[in-house]
Amino acid sequence: MKSNPKWSELRPEQHLAFNAYSTLRTTQVYTPRPGRTTQHGPDYNRLSGTLVNTTTMFSALSSLQPRQLAAQVLNFALVLSTAFMLWKGLSVFTASSSPIVVVLSGSMEPAFERGDLLFLWNRGMNTQVGEIVVYNVRGKDIPIVHRVIRRFGGGDAPLQLLTKGDNNAADDTELYARGQSYLEREKDVVGSVVGFVPFVGYVTILLSEYPWLKTAMLGFMALTVVLQRE
Amino acid sequence: MSDNKISPHSLNDLKNTTDDCLANYLRSLSFVQDNSKLDVRLAVGYVAVIIATITFVADYKLGWEATKLGTAFAVVAYAILNGVYTYWMWMVEKGLVFEGTKGSKRVSIASKTKKHDPTYYLTVTTSSSTNPLEIQCPFTTWFTSDGYFVAQPFQQWLATSVGVIGEADQKNAAKNEKEDLFVSEAELNGTPSASGADSGKGKGTKRGKKKS
């Protein structure tokens with residue numbers, strides 16, 4: 001019994017015991033015996049256990065003083081707002097609208113691969129040939145990370161750039177908006193790549209490719225922060 | 001909260017439940033609670049959150065280029081407010097559970113716990129004495145082994161250790177000398193002054209006593 005035998009291996013009297021047990025199950029709540037696991041159906045005992053647990057958590061929340069409730073909500077709001085303001089702070093510091101980006105395509109292999117995390121800097125406006133920049137195509141909001149292969153202007157004239165993916169056969173004129181044959185450094189470029197962490201960004205690729213993961217994660221985080229008192 | 005069962009192995013639960021009961025107890029003794037310190041913290045925190053929300057909405061509607069300058073100011077303001085918030089919580093409130101007055105007497109109680117030490121530490125500041133009173137007691141004194149809060153020994157501990165509370169609750173303060181139904185004589189003498197090392201075993205010894 002202890003080593004969880006298959007039913008066919010049981011001796012007759014144990015079958016009898018099992019039958020009595022199964023008739024019992026129809027009339028009263030089934031509780032698994034210790035040392036014996038069942039292989040059919042969900043573990044109702046465990047399920048109801050969690051339910052009871054969450055309801056007591058919610059009732060604990062509702063029994064809080066109004067001020068305590070306000071403090072609890074504030075805790076949660078501060079977690080979110082601090083994360084957002086840190087991001088914005090980094091934006092201000094680097095002067096870039098999105099200072100950290102994730103590589104989504106293989107057009108810059110072998111320099112960058114899918115899932116690499118890139119750190120951008122947008123304060124050096126005098127971009128040189130060979131630098132890797134992230135830019136937005138006009139009219140589309142898709143950031144692209146490619147290398148500068150040619151520059152025009154500079155100095156008093158506005159700097160203009162032509163880019164190309166290391167792994168692509170041709171330069172980016174095809175990718176640019178209709179009628180555009182170069183990038184304007186000031187307007188189009190989000191920042192130059194100053195550092196990268198390989199592979200870490202794969203999490204965000206997963207999150208964007210499976211949106212329900214995002215919802216699940218957010219919901220879970222919200223629940224834990226609201227329901228746990230520090 | 002006191003009628004809810006908690007996990008007696010979670011120090012957080014023990015502390016939070018006891019904190020709530022402490023405030024309830026003092027309110028029931030007609031101490032008038034003064035929430036000004038918590039209110040300041042809430043105000044600072046919510047202003048910070050509102051700034052972040054405005055930044056978020058502006059960024060969402062207008063985009064980065066238009067909000068650049070405003071965002072820079074918002075980030076600085078948020079950082080300062082967050083600093084004030086943290087300072088207030090750690091340097092001013094310091095685990096404040098209850099602050100209030102009864103008549104001319106003022107009492108302010110802060111609680112804390114230490115990691116892996118099931119003891120409740122209180123710092124009690126009263127208007128009558130300049131030095132804060134530091135008292136401590138293992139949670140096992142007022143929690144049953146299955147996680148129910150028992151008010152009587154807790155209130156008795158406070159009433160006998162803190163003069164201002166004792167004056168407000170004569171009944172519990174006087175009980176110290178008499179025989180008690182809930183706490184045995186040995187426990188009364190032993191546990192309130194027990195050191196941290198002893199208090200860890202509190203649950204085990206209690207169980208042993210019940211059986212004998």
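Modeller: Chain B and chain A bury about 2,300 Å² between them, and carbon and sulfur atoms carry 64% of it. Keep in mind that this is a predicted model.

Colleague: Why is the pair Asp59(B) and Lys88(A) called a salt bridge?

Modeller: The closest N and O atoms of Asp59(B) and Lys88(A) are 3.2 Å apart. The cut-off is 4 Å, so the pair qualifies. Across the interface of chain B and chain A, the rule finds two salt bridges. It also finds seven residue pairs in polar contact there.

Colleague: Now chain A. What makes up domain 2 of chain A?

Modeller: Two segments, 64-94 and 205-227. Domain 1 of chain A is 11-62, and domain 3 is 100-199. The centres of domain 2 and domain 3 of chain A are 31 Å apart, taken over C-alpha atoms. Their contact takes seven residues from domain 2 and ten residues from domain 3. About 640 Å² is buried between these two domains, 60% of it on carbon and sulfur atoms.

Colleague: How many salt bridges does the rule find across the interface of domain 2 and domain 3 of chain A?

Modeller: One. As for a pair in chain A, Glu209(A) and Arg114(A) have their closest N and O atoms 3.2 Å apart. That is within 4 Å, so Glu209(A) and Arg114(A) form a salt bridge.

Colleague: Which residues have the most contacts inside the largest nonpolar core?

Modeller: Leu122(B), Trp142(B), Phe154(B) and Trp157(B), in a core of 29 residues. α1(B) gives the most to this core, with six residues.

Colleague: What is Trp157(B) in contact with, leaving aside its neighbours within four places in sequence?

Modeller: Tyr120(B), Leu122(B), Ile135(B), Gln136(B), Cys137(B) and Trp142(B). A second, separate core has 17 residues, including Ala77(A), Leu78(A), Ala48(B) and Val75(B).

Definitions and conventions
Residues numbered from 1 in each chain as written. Chains lettered and ligands numbered in written order. Predicted model: local features only at pLDDT ≥ 70, side-chain atom pairs only at ≥ 80, totals over all residues. Heavy atoms only, no water. Core = buried A, V, L, I, M, F, W, Y, C linked by side-chain atoms within 4.5 Å. Buried < 20%, exposed > 50% of the residue type's maximum accessible area, 1.4 Å probe, protein only. Helix = DSSP H or I, 4+ residues; strand = E, 2+ residues; numbered from the N terminus. Contact = heavy atoms within 4.5 Å. Domains from an automatic or database assignment. Buried area = accessible area lost by both parts, 1.4 Å probe. Salt bridge = Lys/Arg side-chain N within 4 Å of Asp/Glu carboxyl O. Polar contact = N/O pair within 3.5 Å; in protein donor to acceptor, adjacent residues only side chain to side chain.
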